[in-house]
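Try each task before you read its solution.

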Amino acid sequence: VANGRRNGPGARRLTIVVVLVASMMLTLAGRLYYVQLLDPNKPVQTAGRLHDGTIVVPAPRGQIVDARGRVLVANTSMQVLTVNRETLQALPDQGTAVIGRLATLLRTTPALLAKEITPCSPRVPAPCWTGQPYQPVPVATNTSTAVALAVSEHREHFPGVALQTVTQPSYPNGTLAAHLLGYTGEVTAADKKATPVLTDADTIGRSGLQAQYDTVLRGTDGKQVVQLTPQGTVAADTAGGNVPAVQGDTLVTSIDADVQKLAEMSLARQIADSRAKGKLATSGAVVVMDPNTGRVIASASYPTYNPQEFIGGISKADYGALTAPGAGDPLLSRAIAGQYAPGSTFKLITASSLVAHNEISLGSSYACPGSLAIDGRVKTNYDSESFGRPLSLQDALGYSCDTFFYAPTAAEYYADQARIAAGQKPTEYLQKTAASFGVGRAPNIDLPADEQAAGSYADRETRRARWLANKAQYCAAAKRGFPDEPNPAQRAYRTALAAENCTDGWRYRAGDNADMAIGQGETTMSPLQLALAYSAMLNGGRIFAPTLGWAVVDGAGKVVRTIKPTVRNTVPVQRSVLNYIADSLQFSRGWAVSGAFAYIGSPVQSLIGGKTGTAEVFGRQDTSWLASWGPLSRDAKGDPHAKFVVVGMVEQAGTGATAAGPMLKRIYDGLLGVGGPAVIPGSRPETSLPKIAPQVRVMSRPAAPRPAARGDAPHPDAMPTRAVRAGASR
Amino acid sequence: MTLLARDPRAPFALTSPVMPLERRARGYDWLLIGTALVLSLIGAVLVWAATRDLLRAQGGNPEGFLYRHLFNLAIAAVLMVVVSRFDARLLRLFGPIVYIVSLLGLVAVSVVGSTVNGAHAWIRLGGGFQLQPSEFMKLGLIVGMAVLFAQRSAGRDDDEPPSTLDVLMAMALIAVPLALIMLQPDLGSAMVLAAAAFGVLIAAGVRARWTIGLLILTVVVAVLAVKGGLLADYQLERFSSFTHPGQDTQGAAYNVTQAHIAIANGGLFGTGLFDGPQTNGGFVPEQRTDFVFSVAGEEFGLVGGAVLIGLYAVLCWRSLRIAADADRAGRLVAVGIVCWIAFQAFQNIGMNLGLTPITGLPLPFVSYGGSSMFAQGLAIGLLQAVRRRASR
């Protein structure tokens, strides 16, 4: 049987298989022979060869100091606890006991800690160590003294665990000037692409001055070269290629830490007071600037945050808390990046425009009725207050009469409509004046472009362009209604609004012009922009590109660069008109000026002037404004001058006189020394640069300052990344 | 004496334990068993050489992987002995079960499996043990196809090729596990599965138009897979690093480059056991599994590599002898196993030598890995069972 099978047709088919198998085996043998004996280009043996690995020594960032040389952002030495895996692995229990003890000390679990120190690989998911296997892994930054002591006193319990000192930016004043200074983050791949000198070990400014002056503050990284064995362990520290790190330059700012403190305190207190009176008072801002130089002295925003939280990587929980819907957006710098309806504070611009274009005259008086119908819509004064007699511009500004300004701006509108009907271009004086005061254009302060609001106003062209872009959306919304809106009044309002926008959204109406006259409608400005406009009123019409930075001082204490605000333009309004407006709003006029209410009886009442604003926002409580200046002085020509312009704003806090007024009074008391010494010497902005002592050379420190990647790190900016890059081959 | 011993045709017929040794040993191909054993023991030494320095550096037991490899070998030997005692005629009964159980394993992997090196191919058993069902599927498919063709051609002339329906049924048997493995995605196992199935088809005597047609289909599907993005990125990377090895010396081509350095510097006699610098330095990734041949190449040189290839040749020769003597089902099983082992060895050694693209495949009997070792033990056992049946 066996023989029969062996010669059968089935067996013959096996021949194919035999040939296939034999050819495979012969191919392999041939290839092996070639690779091992014949190949003329044999690859070179690499094993056993040492190669260089470079450890980047990150440069300490430069300091940021205030106008009197006081430190706002410093560098601190931080104790970082590191674990050497190689040492642990060599222990009989592979470090289990050490990890257990360390976990107890750091209040974490041994399992998590063990994961954090395991180098990442395709088989090891996060949390894991993103650095080189030969580096000690940082497991805790900013180690508390208790932990540091426990580790150093009982070295025998913690083999392979070490404390290293690293420098990190620090904010010694906590939240002070947080929005101006900004926070830092870890370098991302995108950063490295944009700026090739950056390495993973560096810290990069992410917002505020930290971002704007990053190249100045960054310094120059040093490096330490080590020899690595093929397995990646350090064979020797080679001093040959070592380059020490150079700390970044110091940035001197025009911020005055005391004024900043005062502004923030006063803002926080006003919010508390307004809340005690039953207002929502969700947020607010204060800007203090020098109207004569364009330098910003203080800028406060509420709510705020602590930039220290971002040092060494912000945790997901902390970042989540900062960005939660109920947190009130503490990262937003409302003073500079927020834009709000300015309300009656805008009347500076309206009055300037009307007088400059001869639409009203300074010698005449005009009616201030309780209400006025424009285009069939009744517009009222605040609380429908009416004056039986005609008012001069001076009184209209002082009492803040709205109807006074409606009539001439509506008239300007109709005149423009007549021009359009006649085939001419509209003049749009009000809009042009607003633009010259800087509305609708970023103030160009020395902060990142996305941290400064441009403000806005409506005109015919933008109205039409927007309508064309959004028409379909408006009409769809009007058709659909707002079924998701729970409040029936809101639902009806929004539906009606959408319907109107759908058909007539392109139309710019007389009422729009009147709204703009009193800083309502689509008119918005940031507190900083308002401060710039009022500065122009007091400095002869110059609109500054304001600055926070004042000078850059290098490590030797030498000023390498002075930063000066530039004049962007001069408003086309005569000095006499600006003077008239400023004089109209002097608090010495007492009850005739609404902004003066909080200051009646103050010893410095006559030194201050200001315009209140009470901006109505649909569905919210009023925004309270005060744009003010002081202390007043007059030059030989009789032109009024002020050392400071102070703008305050509290959202949802009521009228300007009741919230922003008392808030700024506390700031003036501090600036002018009422009830105590002035917080700023001479009650005037600092005029000379502070002396900056030469830097003490920080010794280069060859270690990784980053904590191991935690699974919960949220923000790419905040993601701790590897600190070291190996040199040549693997 | 038990009843079981008296009737060798009864299901689960085990030979009496008191049967003289000479009779119990009858029918075994001792040369085949010896070859497989020698390969496995060489494997143990190579795995040991590949891992001892690394384990020592990590503070572990340098012989850890050696012991585990030997432990796997012992289990595989037991499996071989047990399977070799089966009556090969019972394949008809067990074939479908083996096939279905293997298939269920593959399905289980897609549900509860874990991912290693990019392929979702493993089932964690706890205690650090993992099972890779695709290894057992190779055997399951061979047995399943063999039984199918044997059953369908029962009573037909041996010369007559299988009918179109037979071939289509066989294709269905192939397609299901092949698709599941491609989904993992484990290209290497899929290729081996296809090679084994192809061997069975040839041995079953299907018409040339089928075999040629299938080859063309395979080429077309492969082209479409590469062009159409059916392959995972890492697989494409491996292929492109194979065609352009200089392009990326740190990524996918790193393995090939390092293995090439190790083997090329082995020369005629090698550096000697435990003296390979490339191996001791831990330069070749996955050296105890997919790149175990590079240890042989470096430390035993051309002689060592040739001995390994020679041993595979002997293994295939003995298995084909068994195939030639076997009945229809047994022959198909034997040819399938030969094609599996031969192709896998070719593919693995080929990628070590830069001849074939990288696919994650162990070198049969030699590489460290429980699942593959067990499956190969079962295969050798099955070959013995076929031989014992034929020589009775």
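**Exercise 1.** Work out whether A:Asp515 counts as buried or exposed.

*Solution.* Keep in mind that this is a predicted model. Start with the cut-off: buried means under 20% relative accessible area. Now look up the residue: A:Asp515 has a relative accessibility of 18%, so it counts as buried.

**Exercise 2.** Find where A:Asp515 sits and what it is in contact with, leaving aside neighbours within four places in sequence.

*Solution.* First, the element: A:Asp515 belongs to helix 20 of chain A, which covers residues 510-517. Next, the contacts: set aside the neighbours within four places in sequence, and you get A:Lys379, A:Gln520 and A:Gly521. Finally, check A:Tyr406: it is 109 residues away from A:Asp515 in sequence, yet their C-alpha atoms are 7.8 Å apart in space.

**Exercise 3.** Helix 20 turns up again here: list the buried residues of helix 17 of chain A and say what they pack against.

*Solution.* Go along residues 429-436 and pick out A:Leu430, A:Gln431, A:Thr433, A:Ala434 and A:Ser436 as buried. Then look at their partners: these residues pack against helices 14, 16 and 20, plus strands 17 and 20. Past the end of helix 17 comes A:Gly438, with a positive phi near 100°.

**Exercise 4.** Zoom out: what share of the residues of chain A counts as buried?

*Solution.* Of its 730 residues, 52% are buried. Take the contacts between residues at least 6 apart in sequence: 72% of them join residues at least 24 apart.

Terms used: Residues numbered from 1 in each chain as written. Chains lettered and ligands numbered in written order. Predicted model: local features only at pLDDT ≥ 70, side-chain atom pairs only at ≥ 80, totals over all residues. Heavy atoms only, no water. Buried < 20%, exposed > 50% of the residue type's maximum accessible area, 1.4 Å probe, protein only. Contact = heavy atoms within 4.5 Å. Helix = DSSP H or I, 4+ residues; strand = E, 2+ residues; numbered from the N terminus.
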